[in-house]
Amino acid sequence: MPDQLFNRRDLVAYFAVAATGALTNLLVATILQEWFTISYKSALFAGYWFSFVVGYFLTRLFAFNAKNTTQTRRQIVKFTIVSVWSCLITVYGSTILYGISNQWLGTFTFLIPFSVKEVNLNKLFSQVAAMGASFLSNYILHKQFTFRDTGFYDRLKRLLNI
């Protein structure tokens, strides 16, 4: 089972897709905080859901060879469930780590050379750490749940009388 779960091809493909989503998330959250009066947590939520759209299509096409399936609706439902869990890990994990790092270590900033942009390293490292935890959770759940027929979707439909 471990060899099947963490095979090299799927892991490398998923890492490339997740890196695209992570960069999208970082970019959107940063721009929102810089250009608008939006809180750190709200920017993380918005960035996460923007990267969700990018991530679904890239994951479906490249990561788990699910592009030729006829179960698109089922995969969207499962992908959304996993993504809500991932969002909680990313947003609340980042927020908690940011609060802890500020309280225990103080605020660290870095001025980007040849610019006026100051980067809050506490926010950056908190978000990257939480996205790392989210990456591991997503990989396992997408591989074992989202892009696999587990019977969950049929049970959910019966439960909701759909």
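## A buried phenylalanine and its surroundings

Phe79 is buried, with a relative accessible area of 4%, where buried means under 20% relative accessible area, exposed over 50% and partly exposed in between, with a 1.4 Å probe and protein chains only. The model is predicted, so that local features need pLDDT of at least 70 and side-chain atom pairs count only at pLDDT 80 or more, while totals for chains, interfaces and linings use all residues. Residues are numbered from 1 along each chain as its sequence is written, and side-chain values use heavy atoms, with hydrogens and water left out.

The protein chain has 6 helices and 2 strands, in the order α-α-α-α-β-β-α-α from the N terminus; helices (H or I, at least four residues) and strands (E, at least two) are DSSP runs, numbered from the N terminus. Of its 162 residues, 36% count as buried.

Phe79 also takes part in one aromatic cluster, together with Tyr48, Trp49 and Phe52. The structure holds 5 aromatic pairs, a pair being rings of Phe, Tyr and Trp (its six-membered ring) with centres within 6.5 Å, and planes under 30 degrees apart count as stacked, over 60 as edge-to-face and the rest as tilted. In one of these pairs the ring centres of Phe52 and Phe79 are 5.4 Å apart and the planes stand at 45°, so the pair is tilted. Because Phe52 lies in helix H3 (residues 40–63) and Phe79 in helix H4, this pair ties together parts that are 27 residues apart in sequence.

| Residue | Relative accessible area | Class |
|---|---|---|
| Asn25 | 2% | buried |
| Phe79 | 4% | buried |
| Phe108 | 45% | partly exposed |

Asn25 is found in helix H2 (residues 8–35). Leaving aside neighbours within four places in sequence, Asn25 is in contact (heavy atoms within 4.5 Å) with Leu44, Gly47, Tyr48, Ser51, Thr90, Gln127 and Met131.

Phe108, by contrast, is found in the loop between H4 and strand E1 (109–111). The 34 residues of H4 should span 50 Å at 1.5 Å a residue, and the end C-alpha atoms of H4 are 46 Å apart, which agrees; the expected span is 1.5 Å times one less than the number of residues. H4 is followed by Gly106, whose phi is positive, near 85°.
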